[in-house]
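Good morning, everyone, and thank you for letting me take a few minutes of the meeting. Please have the sequence and the structure open while I talk, and stop me if you lose the place.

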Amino acid sequence: VFSDLTIGVDHVRSLCLSGRSDGCRKTYDDVGFDLLYSIARGSVGAAFHGGVYANVLDPVVLQERVSVLLNIPLSRGKAHLYLDPQLLLGMNRREEGNRDGLSVPVTFVFQPNQSVAPFIVTGMYGPLDGFGDAVRIPGGGGVLFAVSSAFDLGASFTFTNLLGKGSSTDYRSLDLFMNVRF
């Protein structure tokens with residue numbers, strides 16, 4: 001929207017194609033609205049990161065995200081470490097399991113040129129109540145391609161609980177995404 005403000009549409013699960021027997025309630029069952037507002041530039045960048053998400057569309061289950069996204073440049077700006085510690089607040093249906101949580105995504109991005117940026121993702125996620133007993137630790141990677149100054153395409157593959165409580169390589173996600181700038 002402005003150089004300091006970004007507004008977006010986000011999906012946690014997007015399209016779930018594995019079917020009801022493998023945990024998909026519906027093929028499409030979530031949407032969110034995301035906001036980034038730059039609050040610091042310089043040797044370390046920082047932005048307020050917030051949003052509201054309908055994690056389930058029918059019946060609607062709403063969650064709010066409050067965070068400060070940190071961008072730490074490394075290696076003369078060719079690499080960046082992004083930390084995005086998030087407080088997740090269940091806004092409704094709390095008695096049905098929409099509880100508060102903590103998510104700390106960590107992304108390492110290497111950008112050898114203006115057109116391509118491979119990345120590695122990890123972090124941790126869990127409910128605030130009993131975090132240590134239920135923490136999940138993902139691991140994965142992907143690549144982002146700058147098609148033009150206004151359009152990016154990317155893909156990532158992530159094991160969604162590679163090292164956490166109940167870890168398994170059975171939980172995985174393939175994400176295809178795009179960024180459009182106006």
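Predicted model: local features only at pLDDT ≥ 70, side-chain atom pairs only at ≥ 80, totals over all residues.

I would like to begin at one residue, Ser67, which is buried because its relative accessible area is 4%, and buried here means under 20%.

Where does Ser67 sit in the chain? Ser67 belongs to strand 4, which covers residues 60-74. Its side chain makes a polar contact with the side chain of Asp84, at 2.3 Å, and a polar atom of the Ser67 side chain also lies 2.8 Å from the backbone oxygen of Pro85. If we leave aside the neighbours within four places in sequence, the residues in contact with Ser67 are Ala47, Phe48 and His49, together with Asp84, Pro85 and Gln86.

Let us now widen the view to the strands that pair with strand 4. Strand 3, residues 45-57, runs antiparallel to strand 4 and is joined to it by 12 bridges; as an example you can find on the screen, Gly45 has Asn71 in strand 4 as its bridge partner. These two strands form a hairpin, with two residues between them.

Strand 4 also pairs with strand 6, residues 86-90, again in the antiparallel sense, over five bridges, and here Val66 has Leu87 in strand 6 as its bridge partner. Strand 5, residues 79-83, is likewise antiparallel to strand 4 and joined to it by five bridges, with Leu74 standing opposite Ala79 in strand 5. Strand 4 and strand 5 make a hairpin with four residues between the strands, and in that hairpin Ser75 takes a positive phi near 50°.

We can follow the pairing towards the start of the chain as well. The hairpin formed by strand 2 and strand 3 has four residues between them, and Gly42 in the turn has a positive phi of about 130°. Strand 1, residues 5-10, pairs with strand 2 in the antiparallel sense over six bridges, and Ile7 stands opposite Leu35 in strand 2.

Having looked at the backbone pairing, I turn to the charged side chains. How many salt bridges does a search of the whole structure find? The search finds six, and I shall describe some of them.

In one of them, the side chains of Arg41 and Asp4 meet at 2.4 Å, N to O. Arg41 lies in the loop between strand 2 and strand 3, while Asp4 lies in the segment before strand 1, so this pair ties together parts that are 37 residues apart in sequence. Arg41 is exposed, with a relative accessible area of 60%, whereas Asp4, at 30%, counts as partly exposed.

Another salt bridge joins Asp10 and Arg65, whose closest N and O atoms are 3.9 Å apart. This pair links distant parts of the chain, since Asp10 is in strand 1 and Arg65 is in strand 4, 55 residues apart. Is Arg65 buried or exposed? Arg65 is buried, with a relative accessible area of 11%, while Asp10 is partly exposed at 26%.

Arg65 also meets Asp34 in a salt bridge, at 2.4 Å from N to O. Arg65 lies in strand 4 and Asp34 in strand 2, so the pair ties together parts that are 31 residues apart in sequence. Both of these residues are buried, and Asp10, Asp34 and Arg65 are linked in a network of salt bridges.

Finally, let us look at the surface. Tyr37, Ile39, Phe48, Val66, Val68, Leu87 and Leu128 form a nonpolar patch there, with about 570 Å² of accessible area together. Strand 2 and strand 4 each supply at least two residues of this patch. Tyr37, for instance, lies in strand 2 and counts as partly exposed, at 41% relative accessibility.

Key
Residues numbered from 1 in each chain as written. Heavy atoms only, no water. Buried < 20%, exposed > 50% of the residue type's maximum accessible area, 1.4 Å probe, protein only. Polar contact = N/O pair within 3.5 Å; in protein donor to acceptor, adjacent residues only side chain to side chain. Contact = heavy atoms within 4.5 Å. Patch = residues over 30% accessible without salt bridge, like charges linked within 9 Å, V, L, I, M, F, W, Y side chains within 5 Å. Areas by Shrake-Rupley, 256 points an atom, 1.4 Å probe, with all protein chains shown as cover. Salt bridge = Lys/Arg side-chain N within 4 Å of Asp/Glu carboxyl O. Pairing = 2+ DSSP bridges.
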